[in-house]
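Colleague: Could you take one part of this model and go through it slowly with me? I'm new to this, so please spell out the terms as you go.

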Amino acid sequence: MFSCVCVQRMKFLLLQQKYLEYLEDGKILEALQVLRAELTPLKYNTERIHVLSGYLMCSLPDDLRAKAEWEGKGTASRSKLLDKLQTYLPPSVMLPPRRLQALLRQAVELQRDRCLYHNTKLDSGLDNVSLLIDHVCSRKQFPCYTQQILTEHCNEVWFCKFSNDGTKLASGSKDTTVIIWQVDPDSHQLKQLKTLEGHAYGVSYLAWSPDDTYLIACGPDDCSELWLWNVQTGELRTKMSQSHEDSLTSVAWNPDGKRFVTGGQRGQFYQCDLDGNLLDSWEGVRVQCLWCVSDGRTVLASDTHQRIRGYNFEDLTDRNIVQEDHPIMSFTVSKSGRLALLNVATQGVHLWDLQDRVLVRKYQGVTQGFYTIHSCFGGYNEDFIASGSEDHKVYIWHKRSELPIAELTGHTRTVNCVSWNPVLPGLMASASDDGTVRVWGPAPFLDSQETEGLTVKNYSSEFLPDF
């Protein structure tokens with residue numbers, strides 16, 4: 001049952017429309033009759049009735065529409081009236097406006113949400129969507145196929161990382177060099193741009209500055225030096241070493257691009273400026289991997305106690321965030337800062353919620369011993385996760401599915417690092433002990449569905465809520 005107030009409001013809206021339409025048609029007497037005999041006796045919204053009576057003075061329809069802020073007689077104003085009336089009626093009496101369109105949009109969004117290979121921006125409109133068939137992305141559109149094999153390194157390749165703007169790839173090798181590759185914006189082919197030489201111990205970790213002007217290179221455990229290169233000029237800006245006893249194996253940039261933190265497993269944990277000057281240090285923290293939080297104050301560090309702790313260099317406080325039962329070999333954090341992806345010795349790849357401090361998911365399939373393997377988030381909206389493995393493969397998971405959706409073959413030794421292009425969601429790179437960097441992209445335009453470098457597992461998956 002409707003309340004008397006609701007019925008009154010609905011009558012008022014209908015009579016107001018009737019009154020305005022009579023006025024627009026020039027039927028002044030009829031409009032006056034509606035005002036006196038129908039609207040006024042309702043004794044509802046007297047102030048509005050006074051305003052409506054003033055419209056009797058409008059001599060032209062355009063003047064009426066302007067003063068009343070009304071679309072005029074026709075479909076537009078009546079549709080608006082219908083929308084207002086609908087708010088007083090239960091759905092069982094009158095369906096909400098565009099209900100079918102809303103249901104169809106929800107159906108399309110659900111299908112896309114459950115599509116294992118969906119790797120493009122979600123279009124909430126229905127104009128470019130076929131409702132005749134369910135939405136399915138072809139695996140051919142996914143970066144599962146070897147597009148290019150980069151063989152310029154002459155020893156094990158330990159690390160690779162795309163720049164933040166997606167235009168370059170840096171790869172570091174045991175051969176003592178860093179190679180900068182240019183990404184062609186059209187063909188997505190990589191071309192050697194410059195080589196940075198002189199890293200006697202080899203290069204096991206790389207970090208681009210937020211604006212991609214600089215690149216920091218670190219070495220393995222016995223390397224006490226950190227190199228800061230100007231990528232644009234190819235010049236060495238800083239070569240930092242606090243002590244020959246140091247082990248500077250990991251680094252992370254502060255979001256301001258003017259500072260960075262570095263450390264290693266021998267207990268060094270420093271904050272420095274671009275000239276390598278020591279700004280702050282934390283005593284006795286044996287660092288395995290580092291990450292700077294977007295607040296510019298907090299640094300996340302995994303240590304030899306199988307945990308990730310948050311360190312605040314401003315007020316010198318620290319707190320435990322993640323605790324594992326096995327060594328954390330490396331970790332990375334999502335763009336949102338909410339999720340952390342850990343490579344855990346003998347356990348594989350784990351996803352943690354940093355805000356709630358809970359283990360969300362353990363991904364299956366990868367072989368992870370005590371080698372340092374670097375995994376990554378990737379794809380449009382970071383819906384996917386990729387990791388190297390000691391069984392020579394690259395594994396890809398949908399973020400919400402524990403079983404891999406693809407296993408990429410082609411490397412012949414351990415895959416140490418995978419990097420997903422942050423701007424081009426269909427482009428990925430992997431670095432291996434076999435001395436190569438493989439560039440992965442969508443399938444070439446071939447009729448055959450079989451091509452080198454792809455094994456797809458047709459696992460069914462249960463999807464959990466997004467973060």
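Modeller: Let's start with cysteine 144, which is buried at a relative accessible area of 0%; buried means under 20%, exposed over 50% and partly exposed in between, with a 1.4 Å probe and protein chains only. Bear in mind that this is a predicted model, where local features need pLDDT of at least 70 and side-chain atom pairs pLDDT 80 or more, while totals for chains, interfaces and linings use all residues. Residues are numbered from 1 along each chain as its sequence is written, and side-chain values use heavy atoms, without hydrogens or water.

The structure holds zero disulfides, a disulfide being a pair of cysteine sulfur atoms within 2.5 Å. Cysteine 417 is in none, and its nearest cysteine sulfur, from cysteine 160, is 4.2 Å away. Cysteine 417 is buried too, at 2%.

Now for the helices, which are DSSP runs (H or I, at least four residues) numbered from the N terminus. In H2 (residues 28-39), Ala31, Val34, Leu35 and Leu39 are buried. They sit on the same side of H2, because they cover an arc of only 95° around the axis, taken from the directions from the axis to the C-beta atoms. Leu29 and Arg36, on the other side, are exposed. Helices H1 (4-24) and H3 (46-54) are among what covers H2's buried residues.

H1 and H3 also meet: Phe12, Gln16, Tyr19 and Leu20 of H1 contact Arg48, Ile49, Leu52 and Ser53 of H3, where contact means heavy atoms within 4.5 Å.

Terms used
Helices (H or I, at least four residues) and strands (E, at least two) are DSSP runs, numbered from the N terminus.
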